[in-house]
Amino acid sequence: MSLPKHTAEQPPPGQPGGRLLVVVAVAAEAEAVLRGAPTDRVTVVTAGVGPAAAATATALALAAERHPLVVSAGIAGGFAPRAPIGAVVAADAIIAADLGAQTPDGFQSVAELGFGTVRHTPPPTALALLAQATGAVVGPVLTVSTVTGSAARAEELTHRHPGAVAEAMEGFGVAEAGARCGVPVLELRTVSNAVGPRDRAAWRIGEALAALERAFAALPYDRLTALHPLD
Ligand SMILES: O=C(O)c1cccc(C(=O)CC[C@H]2O[C@@H](n3cnc4c(=O)[nH]cnc43)[C@H](O)[C@@H]2O)c1
């Protein structure tokens, strides 16, 4: 007898439902998500910091269990004035902002150089639902491997990505894994610090984690998973 592909907790193929796969970097973010979310509607994976750790953990989680939708979540740096400390942001584009080469003409992304991609686009209807429920500021969220620490770097990123609302370190990795596995990816972040000159003492991590908890308490889980039924 062959085993069914779905588990007791998962709906049968073709029917809406299932858990959101939520990928965070560190334990404090996982705890905030789990305080806010109904525990039977999320699988939370603590991946580690950076896009490589995020991609690996996401791919492993998707291989282990079917999920209709993935959310890259956690704290982030916000671009002023669009995303102040405590704001919720949601990505309408998930962009690898430092994946490329420095050339005599300035930075060129791997996409501009003719290989690979630096952008993933979250599903618009799910993004709209998520943003409406959480009051998120919507815009591009940048994935960087180095936290911005100067006004010059913040200006350079804003110049290359007008309208960017936040930077963090994992979204593009999660989105790459989701794309390879055929599962759509959203990015939902709360702002702990401003993108700009390094001032670690000004980071408001507690405030951002409280906002993350509230955001996950507000998500419309049934409607989100119904948009992307498991096949
Ligand atoms: O002290 C530092 O400068 C520093 C260097 C590397 C990592 C950190 C972290 O605390 C991890 C950052 C963690 O939170 C996200 N995050 C929050 N704010 C930002 C930001 O302004 N730029 C990039 N990432 C940020 C990120 O996704 C990581 O998971 C501190």
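**A chat about the core and overall build**

User: Which residues touch the most other members of the largest nonpolar core?

Analyst: In this predicted model, the largest nonpolar core holds 69 residues, and among these Val22, Val23, Val33, Val89 and Leu212 touch the most other members.

User: And where does the largest share of this core come from?

Analyst: The largest share comes from strand β4, which covers residues 88–96 and supplies 8 residues to this core. As general background, nonpolar side chains in soluble globular proteins tend to be buried together.

User: What does Val89 touch?

Analyst: Leaving aside residues up to four places away in sequence, Val89 touches Ala76, Gly78, Ala83, Ala136, Val137, Val141, Val165, Ala166, Arg189 and Val191.

User: Switching topic, how many helices and strands are there in the protein?

Analyst: The protein has 7 helices and 10 strands. Its radius of gyration is 17 Å, close to the 17 Å that the globule rule gives for 231 residues, so the protein is as compact as a globular protein of that length. Along the principal axes, the C-alpha trace spans about 65 × 40 × 30 Å.

User: How much of it is buried?

Analyst: Buried residues account for 43% of the 231 residues. As for contacts between residues at least 6 apart in sequence, 76% of them join residues at least 24 apart.

User: Which domain does UniProt place at residues 39–214?

Analyst: An unreviewed UniProt entry places the feature "domain: Nucleoside phosphorylase" there, at residues 39–214. Over that stretch the chain is 32% helix and 31% strand, with the end C-alpha atoms 14 Å apart.

Definitions and conventions:
Residues numbered from 1 in each chain as written. Predicted model: local features only at pLDDT ≥ 70, side-chain atom pairs only at ≥ 80, totals over all residues. Core = buried A, V, L, I, M, F, W, Y, C linked by C-beta atoms within 7 Å. Buried ≥ 20, exposed ≤ 12 C-beta atoms within 10 Å, placed from the backbone. Helix = DSSP H or I, 4+ residues; strand = E, 2+ residues; numbered from the N terminus. Contact = placed C-beta atoms within 7 Å. UniProt positions renumbered as here; feature names shortened; annotations may be inferred. Rg over C-alpha atoms; globule rule 2.2 N^0.38 Å.
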